Amino acid sequence: MIPAAFEYHRPKAVADAISLLTQHGDDARAMAGGHSLIPMMKLRMAHIGHLVDLQDIADLKGVTIGASIRIGALTTQAELINNTALTTAAPILKEAALQIADPQIRNVGTVGGNVANGDPGNDMPGLMQCLDATYTLTGPRGSRDVRARDFYQSAYFTSRKDDELLVAITFAKPVGGYAYEKQKRKIGDYATAAAAVQIAASGGRVTAASIAMTNLSDTPVYSAAAGAALVGTACDAAAIKSAVTAMLLDINPASDNRGPVEFKRHLAGVILGRAIARAFSRA
Amino acid sequence: MKKMHIELTVNGQPMETLAEPRELLVHVLRERLGLTGTHIGCETSHCGVCTVDMNGKSVKSCTVFAAQANGATITTIEGIAGADGMHILQSSFREHHGLQCGYCTPGMITRAWRLLQENPSPTEEEVRFGMAGNLCRCTGYQNIVKAILHAASEMSAKEAAE
Amino acid sequence: MNDLTPDQTARATALKGMGSSRKRVEDARFTQGKGNYVDDIKMTGMIYGDFVRSQYAHARIKGVDTAAALAVPGIIAVLQAADLAPLGLHWMPTLAGDKQMVLADGKVLFQGQEIAFVVGETRAAVADACELVVVDYEELPVVVDPFKAMAAGAPVLREDLAGQTKGPHGDRIHHNHIFRWEVGDKPATEAVLAGADVVAEEMVYYHRTHPCPLETCGCVASMDKINGKLTMWGTFQAPHVVRTVASLLSGIPESSIRIVSPDIGGGFGNKVGVYPGYVCAIVASIVTGRPVKWIEDRMDNLMATAFARDYWMHGKIAATAEGKITGLWCHTTADHGAFDACADPTKFPAGFMSICTGSYDIPVAYLGVDGVYTNKAPGGVAYRCSFRVTEAAYFIERMIEILAIKLNMDAAELRRINFIRKDQFPYQSALGWEYDSGDYHTAWDKALKAVNYTGLRAEQATRLADFKAGKTRSLMGIGLCHFTEIVGAGPVKNCDILGMGMFDSCEIRIHPTGSALARLGTISQGQGHATTFAQILATETGIPADQITIEEGDTDTAPYGLGTYGSRSTPVAGAATALAGRKIRAKAQMIAAYLLEVHDNDLEWDVDRFVVKGVPERFKTMKECAYAAYNQAIPGLEPGLEAVSYYDPPNMTYPFGAYICVMDIDVDTGVADIRSFYALDDCGTRINPMIIEGQVHGGATEAYAIAMGQEVAYDEMGNCMNSTLMDFFLPTAWETPHYTTDHTETPSPHHPIGAKGVGESPNVGGVPAFSNAVHDAFRSFGLTQSHMPHDHWRIWRIANQLGLHE
């Protein structure tokens with residue numbers, strides 16, 4: 001498996017990367033860790049004339065933690081896992097990142113690449129929808145912010161333009177309990193079904209809940225109705241059941257090697273139920 | 001296609017070569033630098049037989065372009081042994097029968113070498129989780145895990161003695 | 001002998017002979033990245049070849065446009081069937097007596113089939129050119145289901161066989177039919193079934209999978225035009241067979257062909273066959289006069305070379321009301337894909353499937369197998385298996401469980417009352433085998449005791465009660481298996497491949513100073529032959545194993561042998577090694593007698609020396625005999641100390657074992673947690689316990705993968721659904737269970753050292769143990785049979801269909 005030939009670029013600044021993307025249009029592709037793109041190139045399912053390697057762009061790196069949290073797009077999954085301040089501030093990130101791929105891939109794969117390439121199998125997009133994160137995109141026309149909940153259009157199609165770069169992900173410091181529950185065929189696999197849940201509670205009652213599902217549609221699925229179904233409840237069996245029922249109206253899984261649609265729908269309910277229970281127990 | 005000048009520090013030695021940008025790190029190591037200890041198994045970053053250490057981290061060299069690695073410090077299986085002979089991990093794999101056909105072994109040991117630097121005294125569960133990016137078809141992993149755990153305690157004992 | 005002579009035990013220990021957990025001599029190079037696998041070979045002037053493969057499972061090839069490919073800088077040639085036809089190499093014989101297209105001859109019959117072979121200066125150029133070859137396809141109707149393939153109006157797959165009503169294994173009854181093979185007494189079996197107290201009947205499917213060694217298949221072919229010699233290095237489990245086939249195909253004498261298997265990165269049956277890549281590399285080297293390297297990528301490997309299993313086994317088992325089995329009937333539909341490319345001995349088109357009476361004393365049985373063509377990859381190889389023993393063991397171990405359900409009996413007890421008893425060996429099975437030895441009751445009782453079987457059943461009953469009471473959503477399954485293998489093919493009188501008798505061989509040279517070199521006809525792919533064969537020789541000759549070099553895999557130097565697969569190395573080549581060692585010892589005894597000036601019969605063997613009977617201080621060591629053999633004129637004896645043995649075994653060997661798996665199943669998610677796995681193996685005499693244990697761990701892990709998720713599946717269009725390691729399940733250290741190993745030791749009575757072979761046992765016995773555990777978890781809800789692999793969704797489906805979800 002050898003990819004087709006390409007021109008390699010390693011710009012040092014965001015502006016340089018944008019100008020390369022602008023100059024080469026459809027023929028260019030930005031690459032972070034490359035662990036989604038390179039296999040596609042090797043299988044010759046992606047033909048890239050100009051590969052723009054982002055690794056030297058310092059502005060795309062780093063994690064800032066304040067009232068809100070900003071994660072540079074080039075932050076690797078391993079950096080995210082090993083950042084103890086980040087884990088204290090938003091522990092769901094580590095819980096999810098540890099369920100992505102394997103150690104070698106987490107050393108190279110980035111959060112930005114994971115959320116930007118639009119693969120419905122990726123875990124971070126659903127997680128970012130759960131956290132109501134904002135993606136900052138920079139292009140020749142300047143920067144703009146897009147909510148993760150509005151970013152995904154269909155598999156591999158997002159509201160990012162070809163000449164834009166995802167620069168950073170920002171979200172408010174989450175409150176309450178959390179859970180990232182994922183069932184996969186084996187370690188390193190994409191989810192058969194996964195749920196990201198954040199629950200805030202007071203006096204044994206849910207005050208706010210956010211729920212997103214992974215790999216159960218051609219985009220990640222933020223289910224506002226599922227979260228709403230929990231608010232005001234004690235997260236008892238009936239409440240969880242109504243959240244699951246609401247979530248099932250929002251997903252649209254496809255049959256594949258991980259199983260038929262009926263299984264995935266049933267599993268989505270089980271996984272979400274477990275995620276809610278765990279998140280509430282931590283709230 | 002035009003070739004690029006690639007400079008790497010491999011197993012402590014500066015090395016340079018010309019390579020097309022599309023050449024993968026594993027191909028450059030094997031074909032251009034003659035370091036055939038690093039193998040190719042699945043080519044889609046699942047099996048880990050191509051694992052090398054790049055800038056202090058384990059990576060799968062079948063999914064890194066040589067161009068990306070340009071300027072990097074690389075350790076391959078050929079660089080694990082020291083001047084005084086086999087590394088403890090290498091002798092431990094032999095002692096505990098942690099290999100059979102040997103094809104996954106270089107990636108396995110190179111990964112374990114980094115794992116024990118990240119976590120010098122892992123539990124069995126941590127070893128199994130930390131080695132999950134490396135497949136073996138022969139051993140069923142039981143003796144690999146045993147070899148790594150024994151190497152960890154031997155290395156700790158050696159360090160304590162020094 | 002004097003006070004300074006180490007005692008017998010110390011000298012025996014120092015030899016590191018049989019029974020010693022000797023550390024492996026292979027490991028120094030493998031742990032330091034100094035192995036030499038085929039893709040590591042680099043030769044001056046070497047060029048590369050790769051295939052253009054079919055996108056479609058069934059299509060006519062209307063044209064192939066190579067112009068753009070040939071225009072890629074560095075491309076030397078694009079070979080097609082028409083280029084090979086003048087040499088008669090556009091088709092090749094398979095090891096099963098069928099023939100297979102080397103390059104598509106007018107049509108393609110499976111996705112991934114080889115259409116053209118592109119040869120060029122670099123791998124990159126070849127990859128670029130492959131993408132630029134334009135194939136004009138006319139799609140044809142696809143058949144992936146062997147039952148539909150046998151329907152009256154099914155599309156004709158093998159047009160080359162049109163009108164042929166006879167195949168290499170008898171009559172063909174349909175245009176997509178390959179063979180019918182029948183063993184046993186059908187009328188008598190059917191009469192027993194008709195009159196039985198109880199008959200259990202099921203369709204047991206053993207799904208299609210793939211051996212998938214981490215190193216794919218490949219070769220370097222080099223035709224030396226000066227001396228006319230063809231050398232080929234490659235991933236060959238049977239190098240001599242490859243040489244003979246290459247000679248028969250090309251007309252080049254075997255003396256001008258050298259086949260070398262360097263280090264092999266796992267075989268598991270994948271590397272027994274002869275593949276189009278080998279033929280094309282040879283042709284390309286002959287045409288260009290340069291060495292040509294061909295290495296599969298993982299997709300090529302999973303899509304085109306050597307799948308395994310795909311047996312639909314319809315079974316009926318009859319018993320008395322008390323559970324004594326009275327008869328077994330089986331009809332198997334064997335899906336071979338586009339070409340019958342399995343590697344079974346010629347007289348056994350379904351391999352040793354007729355071992356399907358298993359460990360049980362079954363008075364009458366019948367087996368019928370129909371081989372069928374479909375639009376899937378060709379093969380039917382023995383994936384860590386001795387020619388369909390895995391299928392047979394799975395079949396009988398499922399049928400026993402199904403019968404236990406029907407009888408409402410404990411499945412362990414049902415096995416116990418039907419085992420062949422120790423006093424019945426040698427035992428003649430209803431399907432024609434003579435089991436050499438066994439002690440099943442002892443092994444079974446040891447296993448049940450070791451796992452506390454009674455306690456497990458009690459715990460399971462409690463769990464079930466809790467489940468029914470709504471206290472848990474987890475069920476517990478106990479998977480039992482007692483398997484009997486048949487390995488070590490085999491007696492030449494009934495086992496050959498393409499006419500090549502399945503003996504094996506060993507040549508030994510003892511050097512003047514007492515070290516030795518031994519060469520065998522087998523080839524290690526991880527089994528550690530360089531370690532274990534030296535141990536056999538150490539015990540036989542008294543030369544320390546550390547001073548014995550073992551060489552295999554080079555046909556110019558190794559004696560002719562049929563290679564390593566089917567657990568045949570120890571039973572056949574191991575026997576040849578022991579017997580060659582005994583020839584050495586016999587000559588050394590004459591030398592010692594001469595040196596000690598006594599009669600041959602006055603000497604006795606003592607670990608590493610000949611001692612004059614009753615006079616222990618008078619002896620000659622093997623080392624001294626070796627020196628004398630070369631340096632002293634001994635009347636009546638030729639100089640030198642060498643021996644050769646070609647061993648044709650009188651019978652197969654019959655390893656057996658008792659495996660027990662305990663798992664917890666999450667009914668809602670279909671996730672199965674393997675809590676424990678106990679493996680008791682009886683492989684006869686144990687040569688190296690450490691290596692045996694390693695083989696059991698590895699084989700059981702392959703069994704775990706096969707039973708719990710690994711498959712090669714196709715959609716209706718014949719697209720392969722598992723062509724990368726994303727979707728082809730190979731477990732990691734994380735999923736893989738922990739194994740507890742155990743053993744009994746029942747030596748083979750006919751094998752020179754009593755050894756039986758072990759490498760494949762854990763795969764043969766492991767799959768039913770895992771699968772039976774899944775079935776057992778749901779037994780009380782009425783499940784009788786659910787097909788593998790038992791991945792999450794399929795386990796979930798069992799629970800769903802049994803009404804265990806809301």
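**Ring pairs, a hairpin and a domain contact**

The model is predicted, so local features need pLDDT of at least 70 and side-chain atom pairs pLDDT 80 or more, while totals for chains, interfaces and linings use all residues. Residues are numbered from 1 along each chain as its sequence is written, chains are lettered from A and ligands numbered from 1 in the order in which they are written, and side-chain values use heavy atoms, without hydrogens and water.

Over all chains, 42 aromatic pairs are found. Rings of Phe, Tyr and Trp (its six-membered ring) pair if their centres lie within 6.5 Å, and planes under 30 degrees apart count as stacked, over 60 as edge-to-face and the rest as tilted. One pair is edge-to-face and joins A:Phe6 to B:Phe65, at 4.9 Å centre to centre with 65 degrees between the planes. This pair crosses between chains: A:Phe6 lies in the segment before β1 (7-9) of chain A, and B:Phe65 in the loop between β4 (57-60) and α2 (66-69) of chain B. Helices (H or I, at least four residues) and strands (E, at least two) are DSSP runs, numbered from the N terminus. A:Phe6 and B:Phe65 are both buried. C:Phe30 and C:Tyr37 form a stacked pair, with 5.9 Å between centres and 25 degrees between planes.

In chain A, strand β11 (residues 177-184) has eight of its eight residues buried. A:Gly177, A:Ala179, A:Glu181 and A:Gln183 point one way from β11(A), and A:Tyr178, A:Tyr180, A:Lys182 and A:Lys184 the other way. β11(A) runs antiparallel to strand β12 (residues 191-202) of chain A, to which eight bridges join it; two strands pair if DSSP finds at least two bridges between them. A:Gln183 has A:Ala193 of β12(A) as its bridge partner. The two strands form a hairpin with six residues between them, and A:Gly188 in the turn has a positive phi of about 90 degrees.

Chain A is divided into domain 1 (7-53), domain 2 (58-172) and domain 3 (177-282), with bounds from an automatic or database domain assignment. The centres of domain 1 and domain 2 of chain A, taken over C-alpha atoms, are separated by 18 Å. Their contact (heavy atoms within 4.5 Å) takes twelve residues from domain 1 and 15 residues from domain 2.

Definitions and conventions: Buried means under 20% relative accessible area, exposed over 50%, partly exposed in between (1.4 Å probe, protein chains only).
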